[in-house]
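Have the viewer open and follow along.

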Amino acid sequence: MSGGIPDPTAPLTPSGNLRRRQLFSKFTEYAATAAAVLAVAVLAIVVYTIVSRGAKAIDWEFITTGYPTGVAPMLVGTAVIVAIATAIALPIGVLIALFLTEYAGSRAAGPLRMTLDLMNGVPSIILGLFVFRLLVEHKQQSGFAGSVALAIIELPLIARGTQEVLRLVPNSMREASDALGVARWRSILSVVLPSATGGIATATVLAVARAAGETAPLIFASSIFDPRKVTLNPFEAMPNVPVFIYKLSEEGNPEGFAFGWGMSLLLVSFILFASLGARALLGRSKRRLSSS
Amino acid sequence: MTSGLDSSQGQNQPVPARVRIQSGLPSAEQNGTATAATGAAGAEQHGFAPEVVFDSQDISIFYGAKRALAGVSLRIRRGQITALIGPSGCGKTTFLRSLNRMNDSVPGFRIDGQILYHGHDIYGSNVDQVEVRRRIGMVFQKPNPFPKSIFDNVAWAPRNLGLKKGLHDRVEKALRGAALWDEVKDRLKDSALGLSGGQQQRLCIARAIAIEPDVLLLDEPASALDPIATGAIEDLMHSLKGRFTIVIVTHNMQQAARVADRTAFFSLASVEGEPKPIGTLIEFDDTTTIFGAPRDPRTRDYVTGRFG
């Protein structure tokens, strides 16, 4: 192979196998674009289906009364279960993130990060089984048991999200507070954490959005409930949105289907707006950290 | 003081592989001691040498297997400004940061030799590093105010150290001490990040002196600032002199000449048992001597601008 150009004076049109290579290049580009469009299209179809079927079910009565005229007990139940789950997962998650960024050496941090990622990948039905054995079997179903399962789902999300934003807090802040002769935990409480609140809020909101839609653990933990009245006691089974959607879909009742779609729309809107809000929050706190 | 010295030297003897600086000149340790004894200039001229604050004895610093500093012995005296000058990478900042144990968090950091602070071993086994930094404050190269208000920046450390009585007066005094009060007194609630670089650096100095430390370590405090802000920082150092013992690392020789009583010249030199030159102390003397009549030819070459 000489590799040289046969005739440098020839017109600058494609020569050799350039045409074939260009064709392949175009094909790759179109395939990639099509895949991206497909992803957006799938989401659009899902959202369109939910909106078109769910929108007509939603009115004031739907969100304020119990079944069979509305789904208020399920909304309240999901809110309570997720709130308790977050109350459990948030402090532990933030502490784990603090350990990772402030205290752990690289030998401890690596395996712990991997553990969190694995935890994030555990199928939720497994967590449901775990909590069933732990808190439900030989006792009774409870919203609290559901909260524990959801807390396990939220924990890695909050820990990893918080850790990412804690890493953005410049080291010069830690040095500054160290050099003032103030103990590390005080620096963390009053300098590091406040700079990271935006990111912690974001991670929490995303975790809440994820937990609100989890169905499998709640089938084990909180599925035998009365959808007609609001329950506020977390130590008995609480009505909740995902399990009730599942139950309605199992029945052959067209009216129930409409209710299921209505609740799906509420759930999807909640997740959508929570994610958008979280993104805005994160953007703001990142800007604030990088400008300092 | 001397008894502390003796006992420490006794402890030092078993340390293996002690390295001497390879040069035909008197070692820096002898040099510094000689100067103090003969009273060549400065405060010593008046027959009075202030108390020794830091007594560094044959300090070597390692980061992992890499040696960053070899055989530094010098004494820093109360109320004086001591400047550390020298080319980049010769260990000035490393030495400064070892004076208040800011290097402790660097992975692989290890120190040989002894640094006595008022006779106490800074790296002694019962020494708390937080307490060390409480007494020996530090200002960094890049201004690093907290993302809080101007007032809260200065009040932060006193609050956390339980000095809450007369907090407002304390903050005002610190800001006046840092020559910043008149510029910020009407906007104490504003974010510190809105200040100019020079103002931020003076705020960091105010933050450091608000807890009334014994010593201030300044790591190239003016290197990121424009000439006017640099001038303000230098004026400030003159006004802080006497109240605090100040150790300043600077790249700027003129700055050292303008502000310091004593100047230590660090540079790379070949050291026994090391393949490559290591940062070490070449000469430590009164600033006028270092810039006017240095003994070591390397110091002369550096201060006359022949290298570095």
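**Starting from a strand pair**

B:Phe266 stands opposite B:Leu281, a residue of β10(B). Before going further, a word on ground rules: this is a predicted model, where local features need pLDDT of at least 70, side-chain atom pairs count only at pLDDT 80 or more, and totals for chains, interfaces and linings use all residues. Residues are numbered from 1 along each chain as its sequence is written, while chains are lettered from A and ligands numbered from 1 in the order in which they are written.

Back to the strands (E runs in DSSP of at least two residues; helices are H or I runs of at least four, and both are numbered from the N terminus). β9(B) pairs with β10 (residues 278-286) of chain B in the antiparallel sense, over eight bridges; pairing here takes at least two DSSP bridges between the strands. β9(B) also runs parallel to β3 (residues 81-85) of chain B, joined to it by four bridges. There, B:Ile85 sits opposite B:Phe265 of β9(B).

How many residues of β9 are buried? Seven of the eight in this strand (residues 262-269) of chain B are, so the rest of the structure largely encloses it. Buried means 20 or more other C-beta atoms within 10 Å of a residue's own, exposed means 12 or fewer, and partly exposed is in between, with C-beta atoms placed from the backbone.

Now zoom out to the chain. Chain B has twelve helices and ten strands, and 47% of its 308 residues count as buried.

Next, look at where the chains meet. Here 21 residues of chain B are in contact with 17 residues of chain A, contact being C-beta atoms, placed from the backbone, within 7 Å. On chain B's side, α4 (129-135), β6 (136-139), α5 (150-160) and α8 (197-209) each supply at least two residues. α4(B) gives the most, with four residues.

Most residues other than glycine have a negative phi, and most peptide bonds are trans. B:Ala179, in the loop between α6 (167-177) and α7 (181-184) of chain B, has a positive phi, near 55 degrees. B:Glu212, in the loop between α8 and β7 (215-219) of chain B, has a positive phi too, near 45 degrees. B:Ala179 is partly exposed, with 17 other C-beta atoms within 10 Å. Over in chain A, the peptide bond from A:Tyr67 to A:Pro68 is cis, with omega near 10 degrees.

Note on methods
Two residues are in contact if their C-beta atoms, placed from the backbone, lie within 7 Å.
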